[in-house]
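Biologist: Hi! I'm new to this one, could you walk me through it?

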Amino acid sequence: MSGHETTGTGTAAEAVVRIRTGAVRGVTGERASVWKGIRYAQPPIGARRWRAPVAAESWEGVADATAFGAAAPQQLNPGISLGHDAELDEDCLFLNVWRPNGGDTSKPVMVWIHGGAYTYGAASQPLFDAVELAATGDTVVVTINYRIGALGFLDLSSFSTAEQPFDSNLALRDVLLALEWVRDNVAAFGGDPSRVTVFGESAGAGLVTTLLATPAASGLFQAAIAESSPASSMYGPARARAVADRFLAAAGVDPAGAAAVLRRLPVARIVDAAAAVYNDVPSSIPGTLAFAPIVDGDLVPEHPITVLSEGRGLPVPLIIGTNHDEATLFTYMKSPLIPITRDAIERMFALMLEDNPGLEAPSRDQVLSAYRRVRAKARGLDIATDIGFRMPAIWAASGHARVAPTYLYRFDFTTLALRLVGLGAAHGTELPYVWGVLGLGPKDPTFKLGGRRAGEALSARMIHRWTSFARTGVPGDGWPAYSDTERATLVIDAQDRVVPDLDAPLRTAWGDVVLSFR
């Protein structure tokens, strides 16, 4: 038996699908069927902690796929709902599939990589309920869990021994294995494995742009969408070792015998030590993150922003963009991740120049020339938005446009309520519109003072563009591809508009030199 088992109408039995490892039973809804908590890898526990993931083993009978699998271990964040009754467990490598009811049986596939600063989040977040996206766009949607924080991004390879080896870029390897699962199994759900679009936001988008610079990812997806990617925020082995040293100190582990004890550490101790390092690194070294993919010279041979800006990424169509007010969210949440004070910004620039000796970087006065009309209080936020997100997106778009159709956007839409609380079009505020999940509960302030009708219309446009891109590689609706001559950018707002060379003042101020830590 292959494909779908249809023994009734509107019953759970209709949602039994046989994949390579066994049969899974999901739930058939009014508009889409969903399978939750499908295991794509063996539990990364015990001897497999801090090792590359291993594909799931086969099972007998029909596995229940009606509830989400466990989310990766993390400290709970009040700003990130992991879903009702979410469980946290080191055994977290699960994925979920939504298939729209009806239509053809060879639908485009969209694979979602969640964000969360490489430290928070899960595929089970209510925001990522894919019924609307799948049904409206007639697209199979897959959302995946991957290891996060120290369990997914800590590079312990320098502590490897013959008896206790450690692998690098664990989360990236998780994503690659999940994409291999999609390639091998998505046809059973009506998806076309030759039309896979990988998309993500924030840290998820950082993984997307990393995939574009990862040779091992070639052929696993045919298009990519990166929403607010911190594309330049990843580092080499020296910085990775420094973070590992900080982690061992926070966990109370002697480096001399680290390999022998790390796999026996309680998960709670790992999460707590990771949280301390997560806060300490960007506070002491402004502009850097504790946890991110690393340029290990193996899986990731070169810095992704270098590869993309030079037009050497995997040649697949790309949508990439940022939000107008990215940095306001980090201020609102009192997060240390984004430097916004004058001292922190100037220190970040000094450290970047140390990392790139001989770089013809823009002068302080040259950069500030782009912000003369910005009031002093907002200047740091704008600079942080541009160095963290906007300029990397421009560098990536300019380079990638030489090898594949590339579409650049800026998301400007906000509501009166978000404007009054100082958020505006902040980091992540495009997500409800992409997913068609507007107004998540009574505590969501977005539409408290109006704007819902405009938001619903905008959501319909974004879903249409994103899913059209997944279907054809072209987002349509008059959105032209980016080039170094026209530099067309779609400004997404209550009324969308295409603007030629929207970022001309920024490019003039920042110059063409790609700035990043190494």
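Modeller: Happy to; we can begin with the overall build and then look at some side chains.

Modeller: This is a predicted model, where local features need pLDDT of at least 70 and side-chain atom pairs count only at pLDDT 80 or more, while totals for chains, interfaces and linings use all residues. Residues are numbered from 1 along each chain as its sequence is written, and side-chain values use heavy atoms, with hydrogens and water left out.

Biologist: Thanks! How many helices and strands does the protein have?

Modeller: The secondary structure comes to 16 helices and 15 strands. Those are DSSP runs numbered from the N terminus: helices are H or I with at least four residues, strands are E with at least two.

Biologist: And why is the protein as compact as a globular protein of that length?

Modeller: Its radius of gyration is 22 Å, close to the 24 Å that the globule rule gives for 518 residues, so the protein is as compact as a globular protein of that length. The radius is taken over C-alpha atoms, and the rule is 2.2 Å times the number of residues to the power 0.38.

Biologist: What percentage of the residues count as buried?

Modeller: 59% of the 518 residues do. Buried means under 20% relative accessible area, exposed means over 50%, and partly exposed is in between, using a 1.4 Å probe and protein chains only.

Biologist: Can you show me a buried one? Where is Val208 found?

Modeller: Val208 is in helix α4, residues 203-211, and its relative accessible area is 0%.

Biologist: What does Val208 touch?

Modeller: Leaving out residues up to four places away in sequence, Val208 touches several residues, including Ile113, Phe199 and Ile225. A contact means heavy atoms within 4.5 Å.

Biologist: Switching to rings: how many aromatic pairs are there?

Modeller: The count comes to 20 aromatic pairs. Rings of Phe, Tyr and Trp (its six-membered ring) pair if their centres lie within 6.5 Å; planes under 30 degrees apart are stacked, over 60 edge-to-face, and the rest tilted. Take Tyr407 and Phe469: their ring centres are 6.2 Å apart and their planes are at 80 degrees, so this pair is edge-to-face.

Biologist: Where do Tyr407 and Phe469 lie?

Modeller: Tyr407 is in strand β13 (residues 406-411) and Phe469 in helix α15 (residues 452-472), so the pair ties together parts that are 62 residues apart in sequence. Both Tyr407 and Phe469 are buried. Another edge-to-face pair is Tyr409 with Trp479, at 6.5 Å centre to centre and 85 degrees between the planes. Ring pairs link Tyr407, Tyr409, Trp466, Phe469 and Trp479 into a cluster.

Biologist: Nice. What about charges: how many salt bridges turn up?

Modeller: A search of the whole structure finds 20 salt bridges. Each is a side-chain nitrogen of Lys or Arg within 4 Å of a carboxyl oxygen of Asp or Glu. One of them joins Asp138 and Lys107, at 2.7 Å from N to O.

Biologist: Are Asp138 and Lys107 buried or partly exposed?

Modeller: Asp138 is partly exposed at 24% relative accessible area, whereas Lys107 is buried at 2%.

Biologist: Which residues are linked in a network of salt bridges?

Modeller: Glu302, Glu310 and Arg312 are. Glu302 is partly exposed at 34% relative accessible area, and Arg312 is partly exposed at 39%.
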